[in-house]
Amino acid sequence: MSQPHILVVDGDPKVRLLIRRCLEPEGYRVGEAHDAKSVFSALKAGHIDLITLDLTLASEDGLEIARRLQSTAPVPIIMITGKGDTIDRIVGLELGADDYISKPFHVREVLARVRSVLRRSKEGTPSRHQQNQPRKVFRFADWVLDCDKRELRSTTGALSQLTTAEFDLLAILVQRPNRVLSRDTLLDLLKGPDWAAYDRIIDTQIARLRKKIEANPEAPELIKTVRGVGYSFTADVAGS
């Protein structure tokens with residue numbers, strides 16, 4: 001099995017070295033980048049499994065880099081932000097980032113969060129045991145959601161590009177049809193209680209999902225808003 005490739009994006013070479021020394025002994029292959037040009041050059045040069053992205057790059061807007069990544073080369077992102085950068089953190093999560101770390105941080109936290117995000121993003125790779133088990137495939141409306149492959153395709157076979165967070169949210173909804181799920185419940189199922197301060201992230205992710213799966217996102221038929229409570233997935237779902 002190949003080593004997961006992590007790209008560390010930070011303007012400070014000391015921070016890049018610190019994270020490298022944390023990850024490499026644990027079996028990760030680590031690349032470094034200090035600006036947008038070097039980020040996208042690294043992506044062109046080979047597959048990247050995860051990016052740690054400092055949002056406070058000296059010469060560029062880290063949020064703009066995150067926005068470009070999600071629109072052109074979706075890849076799991078762990079944002080690294082200053083302790084007081086709450087607004088940037090919220091915007092980054094709304095853009096589809098998968099997790100965040102606040103400075104100052106302990107290297108063991110970096111390792112733990114890298115492991116967690118990689119595990120979520122690669123849950124679709126079946127083990128030998130799983131290969132003998134029924135696949136979790138769900139069909140609804142004009143879509144087929146394969147939870148093992150982590151793919152969403154139309155019934156014509158066209159692949160829909162979802163971020164890790166969007167896929168996880170859709171899988172949660174599809175497996176709980178016709179149930180009203182509060183924002184707090186969705187947050188707990190998605191990320192755990194650490195994200196409780198960012199409940200508006202759920203609204204943003206729902207809006208993004210609607211644009212990708214609803215025939216008319218302005219009049220949604222699949223993901224219904226339950227005013228004052230949360231959301232309900234009201235489509236007929238078939239599958240295991």
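Student: Helices here are DSSP runs of H or I with at least four residues, strands are runs of E with at least two, and both are numbered from the N terminus. How many helices and strands does the protein come to?
Tutor: The count is 9 helices and 13 strands. This is a predicted model, in which local features need pLDDT of at least 70 and side-chain atom pairs count only at pLDDT 80 or more, while totals for chains, interfaces and linings use all residues. Residues are numbered from 1 along each chain as its sequence is written, and side-chain values use heavy atoms, with hydrogens and water left out.

Student: And what share of the residues counts as buried?
Tutor: Of the 240 residues, 48% are buried. Buried is under 20% relative accessible area, exposed is over 50%, and partly exposed is in between, using a 1.4 Å probe and protein chains only.

Student: Let's look at a loop. Which peptide bond is cis?
Tutor: The one from K103 to P104, with omega near -5°. P104 sits in the loop between β5 (99-103) and α5 (107-121).

Student: Is R150 buried or exposed?
Tutor: R150 counts as buried, at 16% relative accessibility.

Student: Switching to T52: where is it, and what is it in contact with?
Tutor: T52 is in strand β3 (residues 50-54) and is buried, with a relative accessible area of 1%. Setting aside neighbours within four places in sequence, T52 is in contact with I6, L7, V8, V9, I19, I78, I80 and V114. Contact means heavy atoms within 4.5 Å.

Student: I19 and V114 are on that list. Which contact between helices do they take part in?
Tutor: That of α1 with α5. Helix α1 (residues 13-23) and α5 pack at about 60°, with axes 9 Å apart. The axes are lines fitted to C-alpha atoms over the stretch in contact, and angles between N-to-C directions run from 0 to 180 degrees. So α1 and α5 are oblique to each other: under 35 degrees is roughly parallel, over 145 roughly antiparallel, 65 to 115 roughly perpendicular and the rest oblique. L18, I19, C22 and L23 of α1 meet V107, V110, L111 and V114 of α5.

Student: How about α4 and α9?
Tutor: Helix α4 (residues 86-94) and helix α9 (residues 200-213) pack at about 30°, with axes 9 Å apart. That makes α4 roughly parallel to α9. I90, L93 and E94 of α4 make the contact with R200, I201, T204, Q205 and R208 of α9. By class, this contact of α4 with α9 has 3 nonpolar, 2 polar and 3 charged residues.

Student: Last one: which residues of α8 are buried?
Tutor: In helix α8 (residues 183-190) they are L186, L187 and L190. What covers them includes α7 (164-174), β10 (180-182), α9 and β12 (230-233).

How values were computed. Nonpolar A, V, L, I, M, F, W, Y, C, P; charged D, E, K, R; others polar.
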